[in-house]
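Here is a short tour of one protein chain. Keep the sequence and the 3D view open as you read.

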Amino acid sequence: MILNGSQRGGALKLAAHLLNMVENDHVEVHEVSGFSTEDLTDACQEADAVAKGTRCQQFLFSLSLSPPETKRVRVDQFEAAIEKVEAKLGLSGQARMIVFHEKKSRRHAHVVWSRIDVGMMKAINLPFYKTRLREASKDLFLEHGWRLPDGLRDRTNRDPRNFTLNEWQQAKRQGKDAREIKRAFQEAWAVSETKSAFAHALEEKGYLLARGDRRGFVALDVHGEVYAVAKFTGLKAKQVREKLGDAKQLRSVDEAREHIAQTMQPALSRWQQELKAQNRKLKDQQQHDRRKMVERQRAERQRLKAKLEERHVRETQARQARFRKGLLGLWDQVRGEHRRIREQNELEAWEAHLRDQRQTDAVMFQHLDQRRTLQQRQNAERRIVTKCSEELSKDRDDFAALRNARGGMARNSLFFER
């Protein structure tokens, strides 16, 4: 498990964070022990009040335990990990709170200890706690047989995630299929009898007819790439000239590029607005789907909790009914029967507790799987929108460069290099 800990104050802010039902799908207060209350907010206030009797400002130690995303970790495994970390830090026996959070198909735990030793009325010192947490984290990964993250194997392999925006948005030109280009040119040629008809046919397929420097008739795609008409129709230059006539009245390559840029900018702006609207609609739909899932899962957990509590009461009453009352009960105590029944009841109660915990874990694991499936689908949807947005942004920049380019500067720019 990845362990992140810190010494801190601000008990009430911490309580608000631990109980935040807005940013988390599910919040479960698992334990509040060592305080005079079982309410987490009241326990935080109590820790704050106790600390006022000392000079300690950071009277709490907050720890998060995050297992690998795809691993199923039971509650008892979290508890065992907490006990090991607690002993390693020297916080055994201190008042503590344990809260489970589920968010984006992942479950993690928060533990908060009071650092104040009530008997001595001073804070427990935690020297080198980051190193100790790192050692404990590595031990937990090895104990569970999980693959060690690079950062735990070698500190120099830690991923800094320091990509710049320019690096992330760097445009990557995509190659064109020559067969598709030839097919488009040949189809336009086949249905055209005049230069005007050929130009319109090419425009329908995304190409602009223009005057080349040496090759006579050329066509440009929307990115400013130049294609010789003769080459891509599979004809001789003489045959092209005989059908299309003189190319002098057509735009030059530079003029054609500038025209493409000017006419494409409004379309790009319109597409950008449409993409933004689709993105807003997608976000609203994804939030709606997430809320519906969370509401359903919370209702299922409440029903399970009520069912388990009802069964617990029923089984407790049944075990208690084994004890006879009056003189018969006194006789059972004398002959040891009372002790035997008590031990049997304790064993059955513990087995019932483990059974209930297994049922709770099973439902929790099922809900995490459902949330993970939803998260993967929504991530895939967002990647599609993001890729489209990046491509539009690149095109806007490219067409702006086309519009501002002049003469040889445009031809020699990196944009036109293949």
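The model is predicted. Its chain has 14 helices and ten strands. Of its 418 residues, 38% count as buried. Among contacts with a separation of 6 or more, 70% come from residues 24 or more positions apart.

**A helix pair: α7 and α8**

- Two packed helices are described by the angle between their axes and the distance between the axes.
- Here, α7 (residues 178-190) and α8 (residues 195-204) pack at an angle of about 145°. Their axes are 8 Å apart.
- The crossing of α7 and α8 is right-handed.
- Which residues make the contact? From α7 come Phe185, Ala188 and Trp189. From α8 come Phe198, Ala201 and Leu202.
- By class, this contact of α7 with α8 has six nonpolar residues, no polar ones and no charged ones.

**The five-stranded sheet**

- Five strands form an open sheet in the order β1-β3-β5-β4-β2. The pairing is antiparallel.
- The edge strands are β1 (2-8) and β2 (26-33), and each pairs on one side only.
- The twist of this sheet averages 15° from one strand to the next.
- In a regular strand the side chains alternate between the two faces of the sheet.

**Strand β4 and its partners**

- Is β4 largely enclosed or open? Seven of its eight residues are buried, so β4 is largely enclosed by the rest of the structure.
- On one pairing, seven bridges join β2 to β4, and the two strands run antiparallel. Glu31 has Ile98 in β4 as its bridge partner.
- On another pairing, eight bridges join β4 (residues 96-103) to β5 (residues 106-114), again antiparallel.
- Phe100 has Ala109 in β5 as its bridge partner. Val99 stands opposite His110 in β5.
- β4 and β5 also form a hairpin, with two residues between them. In the turn, Lys104 has a positive phi of about 55°.

- Helix α1 (residues 11-18) lies across β1, β2, β3 (60-66), β4 and β5. The helix runs at about 160° to β5.
- Helix α2 (residues 40-51) packs on the sheet and touches β2, β3 and β4. Its direction makes about 135° with that of β4.

**The nonpolar cores**

- How many residues does the largest nonpolar core have? The number is 27.
- The residues with the most contacts inside this core are Met1, Leu3, Phe61, Leu63, Leu65, Leu89 and Leu133.
- β3, α3 (75-89), β4, β5 and α4 (129-144) each supply at least two residues of this core.
- α3 gives the most to the core, with six residues.
- Now look at Leu3. Leaving aside neighbours within four places in sequence, Leu3 is in contact with Leu63, Ser64, Leu65, Val85, Leu133, Ala136, Ser137 and Leu140.
- A second, separate core has 21 residues. Among them are Ala199, Phe217, Val240 and Ala247.

Terms used:
Residues are numbered from 1 along each chain as its sequence is written. This is a predicted model: local features need pLDDT of at least 70, side-chain atom pairs count only at pLDDT 80 or more; totals for chains, interfaces and linings use all residues. Side-chain values use heavy atoms; hydrogens and water are left out. Axes are lines fitted to C-alpha atoms, for helices over the stretch in contact, and angles run from 0 to 180 degrees between N-to-C directions. Helices (H or I, at least four residues) and strands (E, at least two) are DSSP runs, numbered from the N terminus. A crossing is left-handed if the near helix is turned anticlockwise from the far one by less than a right angle, and right-handed if clockwise. Contact means heavy atoms within 4.5 Å. Ala, Val, Leu, Ile, Met, Phe, Trp, Tyr, Cys and Pro count as nonpolar, Asp, Glu, Lys and Arg as charged, and the others, Gly among them, as polar. Two strands pair if DSSP finds at least two bridges between them. A nonpolar core is a set of buried Ala, Val, Leu, Ile, Met, Phe, Trp, Tyr and Cys residues joined through side-chain atoms within 4.5 Å. Buried means under 20% relative accessible area, exposed over 50%, partly exposed in between (1.4 Å probe, protein chains only).
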